[in-house]
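Please look over the sequence and the model before reading on.

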Amino acid sequence: MTDPRRFLRMMFDMAVASAQPANVIPGHLPEPPPGRLVVLGAGKASAAMARAVEDHWPGALSGLVVTRYGHAVPCRRIEIVEAGHPIPDEAGLDASRRMMAIAAGLGPDDLALCLMSGGGSALLAMPVPPLTLDDERALSEMLLRSGVPIGGMNLVRRHLSAIKGGRLAAACHPARVLSLLISDVPGDDPIDIASGPTVGDPTTCAEALALIDRHGLQVPAAARHLLVTGAAESVKPGDPRLARAGARIIAAPRLALEAAAGVARAAGLPVTMLGDAIEGEAREVARAMAARTLATARPCVLLSGGETTVTVRGRGRGGRNAEFLLALAIALDGAPGIHALAADTDGIDGVGEVAGAIIGPDSLARARALGIDPAAALADNDAHAFFAALGDGIVTGPTFTNVNDFRAILVA
């Protein structure tokens, strides 16, 4: 507590450590099948998950996993492919096609162990024909800038995908499928983790089309036709091809927040949990949390998770955690004794290589001393540059897990 910034970082590091695949995979491995074990996976944590499976599986195995560039972990028997995220690329398309081919070759005695985590929606790039990869890329860019919540983004993406929305599990039939999931989505709904490639999807093409129209998104004509006709409908719960498919969530935002809360309680600080599934515009969530913070009895730690959004209207790069913190600092206006950290547990806040940032009572004054206008930076969606100028960005590199955003406010 003598160094508030170090204390906040300790809580963040504990949250990340609690969701490391090496710690959570071993207790969820199944019994060996009569036939082959084939590992399939996608997401920012999937390579580390594959390595944990290799380290603890007693027999033979093979497989293919696709992860984000820079997030690969060396494996001996499972092939690791790196691909584009958050914008899909050719490497992701090739890996997805190969994954579906492997799934189609499985028999009734085989087990497909599917390792899914956040980021899989972009990494599993396989648009429904006649859509092209360029169409999928344009759609991804549009959704990322739109401010649509992650659940809505995934609703659209899984209906226009030839591998998501239960299609990978259906391709594995008649093999048994067990999915181990690291959740990065509010509510921990398996259909939203990597857009649910191995679980039945209760939503419809009509719902995806309604969301597109509600937000005024200009999607390719071919995509609209697929949704209007229902030709891109996903695999539904109860489909006989999913009869032998099951899923387990092995790490989630709530568990990571509890791990961080343990650090605070060990220091004698009361903890207030504000929720692990908070959504909304980052700056609006920040204003609400600033009001809550200023009304909180001292000392206290306020913890929250979830996934806010940024509707990018300026020239900056967005970044929901950095934008949240900049808006929080402005709303707190230098209130004494309040420090905060916000970062993505995967080490990437948006499209940059920065996990998040940290603020203190002096953040605004230090920025103004450098000639930086905090309000102008927020209006331009340029929070990453704001914190880079202060030296207050948090850079972790790939963490090899992903349980969504972590926010901690220390009221000293």
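**Pockets, cavities and backbone**

The largest pocket has a volume of about 750 Å³, where a pocket is an open set of points on a 1 Å grid over the protein atoms alone, with protein on both sides within 12 Å along at least five of seven lines. A volume is the space filled by probe spheres set on the points, which are joined across faces, edges and corners. This is a predicted model, in which local features need pLDDT of at least 70 and side-chain atom pairs count only at pLDDT 80 or more, while totals for chains, interfaces and linings use all residues. Residues are numbered from 1 along each chain as its sequence is written, and side-chain values use heavy atoms, with hydrogens and water left out.

**The largest pocket**
- Its lining consists of 40 residues, and those nearest the centre of the pocket are Pro 86, Leu 144, Met 153, Arg 320 and Gly 350; lining residues have an atom within 4 Å of a point.
- Two or more lining residues come from each of helix H5 (120-123), helix H6 (133-146) and helix H7 (150-159), helices being DSSP runs of H or I with at least four residues and strands runs of E with at least two, numbered from the N terminus.
- The lining of the largest pocket divides into 14 nonpolar, 15 polar and 11 charged residues, with Ala, Val, Leu, Ile, Met, Phe, Trp, Tyr, Cys and Pro counted as nonpolar, Asp, Glu, Lys and Arg as charged, and the others, Gly among them, as polar.

**The cavities**
- There are 2 cavities of 30 Å³ or more, a cavity being a set of points where a 1.4 Å probe fits but cannot get out.
- The largest cavity has a volume of about 90 Å³, and H6 gives the most to its lining, with 4 residues.
- The second largest cavity holds about 50 Å³ of space, and its lining has 7 nonpolar, 2 polar and no charged residues.

**The backbone**
- A cis peptide bond joins His 173 and Pro 174, with omega about 15°, and another joins Arg 298 and Pro 299, with omega about -10°.
- Ser 195, a residue other than glycine, has a positive phi near 60° and counts as buried at 0% relative accessibility, buried meaning under 20% relative accessible area, exposed over 50% and partly exposed in between, with a 1.4 Å probe and protein chains only.
- Asp 333, which is not a glycine, has a positive phi of about 55° and is exposed, with a relative accessible area of 55%.
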